Amino acid sequence: MQFAELVEKRVSVRQFRPDPVPPEHVREMVRLASLAPSPNNQQPWRFIAVTRKPLLKDMADAVRAQLKSLLPAAMSEDARRAAQRVEWFSTFFADAPLVMAVTRQPYESVMVRAVAGASLSAADINSMRGHPDIQSVGAAVEHLLLAATGMGYGSCWVSGPLIDRESLEGLLGVHAPEQLAALVTIGVPATDPAAGHDRRPVNEILRFID
């Protein structure tokens with residue numbers, strides 16, 4: 001499959017058949033994801049492949065409870081419909097045959113050593129540089145999505161569940177300073193994914209400086 005075709009074929013899939021994803025396929029997806037660029041080749045990502053249904057249910061229940069605690073008790077009908085939509089988008093991962101939890105490892109820029117003794121902290125420098133560790137984890141997640149697509153699977157990059165990051169990290173055995181960065185659902189799509197992407201035309205998002 002040519003690269004352009006692969007990118008165009010990737011869409012967010014949220015409903016899956018129960019077919020398991022073989023471990024060898026998971027390993028290959030992670031191998032390809034790990035080829036993403038990272039600052040100083042620090043590779044600040046780790047992957048946890050979760051297929052245990054009771055654990056996925058516990059994760060979804062924790063997210064559901066957190067959502068309930070965050071939302072006001074009295075809501076308009078429109079707000080209730082929005083809340084139901086948010087809940088589904090934040091918990092559908094429990095029905096996927098495979099959920100990849102992507103974590104972010106501690107990262108320290110080489111620049112920190114270069115400015116040793118200055119008033120800038122490692123956090124200051126990372127912020128000034130646009131958080132390259134978070135950017136590189138995002139690149140790894142995108143590689144993972146494209147790898148899944150190339151192998152015939154559907155996938156979805158999920159961030160909603162992170163509203164209860166602390167509970168999810170406890171359930172997954174993720175300990176500070178490592179942090180949960182994203183969940184990715186992977187599996188055989190329940191139906192043929194709709195083709196095409198609703199995107200702005202290039203001339204609306206591109207500007208040349210000659």
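## Basis of the description

Helices (H or I, at least four residues) and strands (E, at least two) are taken here as DSSP runs, numbered from the N terminus. By that definition, threonine 149 has its place in helix α7, which covers residues 132-150. This is a predicted model, in which local features need pLDDT of at least 70 and side-chain atom pairs count only at pLDDT 80 or more, while totals for chains, interfaces and linings use all residues. Residues are numbered from 1 along each chain as its sequence is written, and side-chain values use heavy atoms, with hydrogens and water left out.

## The chain as a whole

The secondary structure of the protein chain comes to 9 helices and 4 strands, and the order of these elements along the sequence is α-α-β-α-α-β-α-α-α-β-α-β-α. Taken along the principal axes, the C-alpha atoms fill a box of roughly 55 × 45 × 40 Å.

The chain exposes about 12700 Å², of which carbon and sulfur atoms supply 53%; accessible areas come from the Shrake-Rupley method with a 1.4 Å probe, and for residues only the protein chains shown count as cover. Buried residues make up 37% of the 210 residues, where buried means under 20% relative accessible area, exposed means over 50%, and partly exposed lies in between (1.4 Å probe, protein chains only). The chain carries 22 positive and 23 negative side chains, and the centres of the two sets lie 1 Å apart. In this count Lys and Arg are positive and Asp and Glu are negative, with His and the chain ends not counted, and the place of a charge is taken as NZ of Lys, CZ of Arg, CG of Asp or CD of Glu.

## Buried positions and their contacts

Threonine 185 belongs to strand β4, residues 179-187, and is buried, at 0% relative accessibility. Leaving out residues up to four places away in sequence, threonine 185 touches a set of residues including Val13, Phe16, Phe92, Phe93, Leu98, Cys156 and Val158.

Alanine 60 sits in helix α3, residues 53-70, and is likewise buried, because its relative accessible area is 3%. Beyond residues up to four places away in sequence, alanine 60 touches Thr91, Phe93 and Ala94; its C-alpha atom is separated by 19 Å from that of arginine 81, 21 residues apart along the chain. Threonine 149, in helix α7, counts as buried at 5% relative accessibility, and, apart from neighbours within four places in sequence, is in contact with Leu6, Lys9 and Arg10.

## Salt bridges

Side chains of opposite charge can pair when their charged atoms come close. With a salt bridge defined as a side-chain nitrogen of Lys or Arg within 4 Å of a carboxyl oxygen of Asp or Glu, a search of the whole structure finds 9 of them. In helix α4 (residues 77-91), glutamate 77 and arginine 80 lie 3 residues apart, about one turn of the helix, and their side chains meet in a salt bridge at 3.0 Å, N to O. Glutamate 77 also forms a salt bridge with arginine 81, the closest N and O atoms being 3.7 Å apart; these two residues are 4 residues apart in helix α4, so about one helical turn separates them. Glutamate 77 is partly exposed at 42% relative accessibility, as is arginine 80 at 38% and arginine 81 at 48%.

Arginine 104 forms a salt bridge with aspartate 133, with the closest N and O atoms 3.0 Å apart. This pair links distant parts of the chain, since arginine 104 is in strand β2 (residues 98-104) and aspartate 133 is in helix α7, 29 residues apart. Aspartate 133 is buried, with a relative accessible area of 2%.

## A nonpolar surface patch

Val202, Ile205, Leu206 and Phe208 form a nonpolar patch on the surface, with about 450 Å² of accessible area together. Patches are made of residues with over 30% relative accessible area and no salt bridge, like charges being joined within 9 Å and nonpolar side chains (Val, Leu, Ile, Met, Phe, Trp, Tyr) within 5 Å. Isoleucine 205 lies in helix α9, residues 202-205, and is exposed, with a relative accessible area of 61%.

Technical notes. Contact means heavy atoms within 4.5 Å.
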